[in-house]
Amino acid sequence: MRPYRIMGVLNVTPDSFSDGGEWFDFEAAVERGRVLVAEGADIVDVGGESTRPRANPVAEGEELRRVVPAVEALGGLGAQISVDTMKPAVAAAAIAAGASYVNDVTAFRHDPAMAGLVADRGCDCCLMHMLGEPRTMQDDPRYDDVVDEVKAFLAERAAFAVREGIAESRIQVDPGVGFGKTIAHNLELLRRLDEIVALGFPVVVGTSRKSFLGRLTGREDPHDRVAATVATSVMALERGAAVFRVHDVAATADALAVTAATLAAHGA
Ligand code: HH2
């Protein structure tokens with residue numbers, strides 16, 4: 001088995017930063033999910049609320065309408081289905097429809113009841129670091145040492161999850177690239193990702209098409225940031241990341257296959 005997993009992004013939203021509106025229609029979303037799995041996604045992460053900077057919150061009923069039918073339709077593809085939500089009611093409905101992974105970008109801070117739900121249903125979960133909340137997170141984020149602070153936050157959230165009854169083997173952590181971070185913060189987190197890996201939980205990395213890659217390459221259109229994304233994924237695998245949350249699964253799968261083979265050949 002591969003020493004890593006690829007999580008394909010499926011945003012069923014009108015306003016996500018890179019693919020908003022592309023998969024908003026139910027049929028388009030299901031077809032996109034099929035393509036992600038065919039290209040090599042082990043997990044499909046279904047989201048109904050954009051977390052891009054200054055995004056507007058989505059009402060629970062609307063998020064349920066976006067997410068649940070897609071989750072239901074994607075069951076049986078052979079991939080694990082994840083739900084990208086901070087709302088326990090949306091997570092519960094998605095789990096009932098076949099999801100077995102909860103990706104909560106607030107790491108259970110938006111609603112601590114999410115932890116009890118994950119524990120009760122025996123799901124996997126991703127605890128992500130974010131400074132502040134999506135509306136304001138990019139307004140002058142500051143850290144003394146971004147890696148130390150993100151690491152301490154993730155350790156605290158993981159301890160909370162365990163206290164709430166979630167098995168350690170179900171917990172994954174994510175430094176939250178782009179969530180309340182400058183370009184320098186994102187690069188420091190990638191460069192020192194091994195320090196986050198040292199926490200002992202599988203590390204999820206989500207750099208895909210993000211704006212810091214656009215700033216570094218001059219690529220305005222997020223669809224043109226595939227090569228930049230792949231570069232970060234290769235670096236992250238070398239530093240021990242376990243899960244890669246990406247929009248462009250085929251390119252990522254090829255690059256990681258070669259990276260993993262090379263690391264194995266050197267006994268890494
Ligand atoms: N990034 C986004 C959303 N969810 N979850 C995790 N665990 N890690 C991430 O880095 C992450 C995430 C933002 O990307 P995207 O879903 O493409 O955009 P939007 O939030 O605008 O829908």
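Strands β1 (5-11) and β5 (124-128) each supply at least two residues of the shell around the ligand. Helices (H or I, at least four residues) and strands (E, at least two) are DSSP runs, numbered from the N terminus. This is a predicted model: local features need pLDDT of at least 70, side-chain atom pairs count only at pLDDT 80 or more, and totals for chains, interfaces and linings use all residues. Residues are numbered from 1 along each chain as its sequence is written, and side-chain values use heavy atoms, with hydrogens and water left out.

**The shell around the ligand**
- Of the 18 residues around the ligand, S16, S50, T51, D174 and K210 come nearest (near means a heavy atom within 4 Å).
- The shell divides into six nonpolar, seven polar and five charged residues. Asp, Glu, Lys and Arg count as charged; Ala, Val, Leu, Ile, Met, Phe, Trp, Tyr, Cys and Pro as nonpolar; the others, Gly among them, as polar.

**Polar atoms at the ligand**
- The side chain of T51 has an N or O atom 2.6 Å from a ligand oxygen.
- The side chain of D174 has an N or O atom 2.6 Å from a ligand nitrogen.
- K210 places a polar side-chain atom 2.7 Å from a ligand oxygen.
- Alone, the ligand exposes 480 Å², and the protein buries 99% of that (Shrake-Rupley method, 1.4 Å probe).

**Salt bridges**
- The count is 19 salt bridges (a side-chain nitrogen of Lys or Arg within 4 Å of a carboxyl oxygen of Asp or Glu).
- One of them joins the side chains of R52 and D15, at 3.5 Å from N to O.
- R52 lies in the loop between β2 (43-47) and α2 (60-74), and D15 in the loop between β1 and α1 (26-39), so the pair ties together parts 37 residues apart in sequence.

Technical notes:
A polar contact is a pair of N or O atoms within 3.5 Å; within protein, one must be able to donate a hydrogen and the other to accept it, and residues adjacent in sequence count only if both atoms are side-chain atoms.
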